[in-house]
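User: Hi! Could you walk me through the aromatic rings in this one?
Analyst: Happy to, let's have a look together.

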Amino acid sequence: MAQFFLLNMLKHTGAIGVIREGFMHVSPDRRVQAIVIAWCFGTFIEGASGFGTPAAIAAPLLVAIGFPALAAVLMGMMIQSTPVSFGAVGTPIIIGVNKGLDTTAISEQLATQGWTWEQYLQLITTNVSIIHAIVGTVMPLFMVMMLTRFFGKNKSWKEGLEVLPFAIFAGLAFTVPYALTGVFLGPEFPSLLGGLVSIAIVVTAAKKGVLVPKTQWDFANKETWPKQWLGNLEIKAENISGSRSMSIVVAWVLT
């Protein structure tokens, strides 16, 4: 319910429309749009809110700029492979580990080795952040390859590989600050700071054309899309734009 409340709040205040317009001017290439909106913005939303919110926020944004609904949901689901363990400001680690394990018994065993529970929790955080960072670095590439293979008119893996340099760059823009935050600051902020840093770096790079493929990629005409790509709900740009104007800064604060 919290996800739908947040989505409707952003919709009716006009914040989601402002964010959408900001993303639309980054690049016309659908592969780059998927990375920027689903990966960068989605990981930030996961770090801030968690509990499936990226699918509720990023997916409608993708649909509103012309993505098939099925592709938008796929992108929203794939990004959660990396930031989810530190979603909602570290809830899975802080609450999940603390409440899910027998802290008393484990603390007694740790004490015999000269460790504290806090040190053990940080060890878990460090290992999780490093392992997820390694996998997450290639996740934007996997996302784009799935997009071009199953939703492109040529059904091509190769068209996804064309964006490899930009995809790896976008992956590192998130995973490097993500891992460093997990190792040195703890479980609260890896996904949040990683997503925020990646938005700033990747959006800037995309606007300047850094590592972006020279050939643009787009979906086939909408009339040729299979019915199962669309579902029963159509999201139009005017349906996610509120009547009140606001700055991009205010829109981001609301998220």
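**Aromatic pairs**

Analyst: Phe 166 and Phe 169 both sit in helix α11, 3 residues apart, or about one turn of the helix; helices here are DSSP runs of H or I with at least four residues, numbered from the N terminus. This is a predicted model, where local features need pLDDT of at least 70, side-chain atom pairs count only at pLDDT 80 or more, and totals for chains, interfaces and linings use all residues. Residues are numbered from 1 along each chain as its sequence is written, and side-chain values use heavy atoms, leaving out hydrogens and water.

User: How many aromatic pairs are there in the whole structure?
Analyst: A search finds 11. Rings of Phe, Tyr and Trp (its six-membered ring) pair if their centres lie within 6.5 Å; planes under 30 degrees apart are stacked, over 60 edge-to-face, and the rest tilted.

User: Why is the pair of Trp 39 and Phe 174 edge-to-face?
Analyst: Because their planes are at 75 degrees, with the ring centres 5.3 Å apart. This pair links distant parts of the chain, 135 residues apart: Trp 39 is in helix α3 (residues 30-48) and Phe 174 in helix α11 (residues 164-184).

User: Is Trp 39 buried or exposed?
Analyst: Trp 39 is buried, at 0% relative accessible area; buried means under 20%, exposed over 50%, and partly exposed in between (1.4 Å probe, protein chains only). Phe 174 is also buried, at 0%.

User: New topic: which residues do ring pairs link into a cluster?
Analyst: Phe 67, Phe 151, Trp 217, Phe 219, Trp 225 and Trp 229.

Note on methods: Helices (H or I, at least four residues) and strands (E, at least two) are DSSP runs, numbered from the N terminus.
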